[in-house]
Amino acid sequence: MSDYDNAIFRLATAQEAEPEDYTGEDGLLYCGSCRQPKEAYFTEGKGLFGRDRHPKECDCQRKRREKQEATDRERKHRDTVEELKRRGFSNAAMRQWTFENDNGKCPQMDKALFYAANWEEMKAENIGYLLWGKVGTGKSLFCRVYRQRPYGA
């Protein structure tokens, strides 16, 4: 085998053996924590690079991987939200505007909260809100519901 093949082989068959791991009666490496196999035999006696087994996730490894993937998804979601806020709001203070931070002075906020809470239905029905008025002037912020018809209808 070439150096490249050896490197691929080491990556494909790398198994993190912990001190508490052990080799079972079937010759496979087992996790010392969850007692699940960390290796599996290829089906029907097949092999790869002269090996008859391949790495397999035990329950511990699967839980760690799933936790890491969930953390990565959450981080990616937060980054996406921050990027959208950065692009959508010119004033940095506006990025902190949330329903939780509402001071209750705007009587129309319940309509916006309803719209956000029922977003999937609003999107499916093509329903939108049109808001107008001057915030901070003491005048009411007016809200109008509209239903956009599909193009050509």
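Now the ground rules. This is a predicted model, so local features need pLDDT of at least 70, side-chain atom pairs count only at pLDDT 80 or more, and totals for chains, interfaces and linings use all residues. Residues are numbered from 1 along each chain as its sequence is written, and side-chain values use heavy atoms, with hydrogens and water left out.

Confidence next. pLDDT is the predictor's confidence in each residue, from 0 to 100. The chain averages 76. At least 70 is reached by 69% of the residues.

Now the layout. Helices (H or I, at least four residues) and strands (E, at least two) are DSSP runs, numbered from the N terminus. The chain has four helices and six strands. Read from the N terminus, the order is α-β-β-β-β-α-α-α-β-β.

Buried means under 20% relative accessible area, exposed means over 50%, and partly exposed is in between, with a 1.4 Å probe and protein chains only. The chain has 153 residues, and 17% of them count as buried. For contacts, the cut-off is heavy atoms within 4.5 Å. Take contacts between residues at least 6 apart in sequence: 20% of these join residues at least 24 apart.

Side chains of opposite charge can pair when their charged atoms come close. How many salt bridges does the structure hold? Eight.

Start with E69 and R65. They form a salt bridge, with the closest N and O atoms 3.1 Å apart. The two are four residues apart in helix 2, so about one helical turn separates them. E69 is partly exposed at 34% relative accessibility. R65 is partly exposed too, at 32%. There is also a network here: salt bridges with shared partners join E57, R65 and E69.

Now R62. Its side chain meets that of D59 in a salt bridge at 3.6 Å, N to O. R62 and D59 lie three residues apart in helix 2, residues 59–88, about one turn of the helix. The side chain of R62 also meets that of E66 in a salt bridge, at 3.4 Å, N to O. E66 and R62 are four residues apart in helix 2, again about one turn. Are these residues buried or partly exposed? R62 is partly exposed at 29%. D59 is partly exposed at 30%. E66 is partly exposed at 36%.

Next stop, D21. Where is D21? In the loop between helix 1 (3–13) and strand 1 (22–23). D21 is buried, because its relative accessible area is 12%. A polar contact is a pair of N or O atoms within 3.5 Å; within protein, one must be able to donate a hydrogen and the other to accept it, and residues adjacent in sequence count only if both atoms are side-chain atoms. The side chain of D21 makes one with the side chain of K38, at 2.7 Å. A polar atom of the D21 side chain also lies 2.9 Å from the backbone nitrogen of G32.

Aromatics. Rings of Phe, Tyr and Trp (its six-membered ring) pair if their centres lie within 6.5 Å; planes under 30 degrees apart count as stacked, over 60 as edge-to-face and the rest as tilted. The whole structure has two such pairs. Y22 and Y30 are stacked, at 5.6 Å centre to centre and 10 degrees between the planes. Y22 is partly exposed at 31%, while Y30 is buried at 16%. Y115 and W119 are edge-to-face, at 5.9 Å centre to centre and 65 degrees between the planes. Y115 is buried at 19%, and W119 is partly exposed at 39%.

Last item, cysteines. A disulfide is a pair of cysteine sulfur atoms within 2.5 Å. By this rule the count is zero. For C58, the nearest cysteine sulfur is that of C34, 3.8 Å away. C58 is buried, at 1% relative accessibility. For C60, the nearest cysteine sulfur is also that of C34, at 3.7 Å.

How values were computed:
A salt bridge is a side-chain nitrogen of Lys or Arg within 4 Å of a carboxyl oxygen of Asp or Glu.
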